[in-house]
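Try each task before you read its solution.

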Amino acid sequence: MKIYNIEAAPTALPGFDPELVEYGMKVLADKGVVFKIGTAIKECTPEGVLIAGDEFIKAGTVVWTGGIRGNHMLDEAGFETLRGRVKVDPYLRSPQFDNVYIVGDCSIVMNPEGRPYPPTAQIATQQGECCAHNLVAAIRGNQQKEFKFINRGTVASLGRGQGIGVVGERKFRGYVASVVKKLIDIRYLYIIGGIPLVLRKGRF
Ligand SMILES: Cc1cc2nc3c(=O)[nH]c(=O)nc-3n(C[C@H](O)[C@H](O)[C@H](O)COP(=O)(O)OP(=O)(O)OC[C@H]3O[C@@H](n4cnc5c(N)ncnc54)[C@H](O)[C@@H]3O)c2cc1C
């Protein structure tokens, strides 16, 4: 079996630390992954994938990871959306309806450079906390709190026992990064469902 990673951007994992990207690509290349970077996909057919330069890669399985969209229900409900996602106000409300809060993958929050933050679990959980505060504040007639994303870092798994990550100023790679990833997963399980959920779903 041959695995191709076809990426239109000039690098894999855009936005990640370049040194860690290089490490991650090497780990995957050593496992046999073939990278086609800076190469847009033109068409997917039942036989494979047509890429820039009119090269055709025959494939029985194609996994599309080229971006997400929000839920179509938002369009159908009359919200103004960009690919099913709503650009929310500083308090996570719909600009059209100030009694509707939108969080997670269905929302768009801009970073200080004016570009949307990538939709991740990290931002969704922080929005959840801010939204809960603002819902209570709205009911009690108190001041709404602005949502401020705190980037606690990013970790990516590269398969069993391998990963890359940045937490604060520190970079992790290899086995240490995979342990950090597992610890983050376990922390989320603990926040959502306490020890019982960790014991049921947590894996090391
Ligand atoms: C393969 C994959 C890997 C990822 N890895 C990471 C990662 O390592 N780190 C990270 O930070 N983020 C990661 N993400 C992104 C992260 O999962 C999402 O950003 C996050 O889950 C968004 O939370 P959410 O609550 O908005 O949506 P979800 O977690 O998708 O929750 C939405 C829920 O709504 C339900 N739903 C949808 N429509 C309806 C309906 N009509 N009625 C009732 N229920 C409905 C869905 O079933 C789902 O349970 C990953 C995403 C994918 C797909």
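**Exercise 1.** Find which residues V86 touches, not counting residues up to four places away in sequence.

*Solution.* Start with the test: a contact needs C-beta atoms, placed from the backbone, within 7 Å. Applying it, V86 has L74, F79, T81, S94, I102, C106, S107 and I108 as its partners. Keep in mind that this is a predicted model, where local features need pLDDT of at least 70, side-chain atom pairs count only at pLDDT 80 or more, and totals for chains, interfaces and linings use all residues. Numbering runs from 1 along each chain as its sequence is written.

**Exercise 2.** Identify the residues of the largest nonpolar core.

*Solution.* Such a core joins buried Ala, Val, Leu, Ile, Met, Phe, Trp, Tyr and Cys residues through C-beta atoms within 7 Å; buried means that 20 or more other C-beta atoms lie within 10 Å of a residue's own. The largest one has 11 residues: V86, V88, L92, Y101, I102, V103, V109, I123, C130, C131 and F147. Next, look for the main contributor: helix 3 (residues 121-140) gives the most, with 3 residues. Helices here are DSSP runs of H or I with at least four residues, and strands are E runs of at least two, numbered from the N terminus.

**Exercise 3.** Work out the strand order of the open sheet of 3 strands.

*Solution.* Pairing requires at least two DSSP bridges between strands. The order is 8-9-10, with antiparallel pairing. Strand 8 (154-157) and strand 10 (170-173) are the edges, each pairing on one side only. Finally, strand 9 (residues 163-167) joins strand 10 over 4 bridges, and V167 has R170 as its bridge partner.

Conventions. A residue is buried if 20 or more other C-beta atoms lie within 10 Å of its own, exposed if 12 or fewer, and partly exposed in between; C-beta atoms are placed from the backbone. Two residues are in contact if their C-beta atoms, placed from the backbone, lie within 7 Å.
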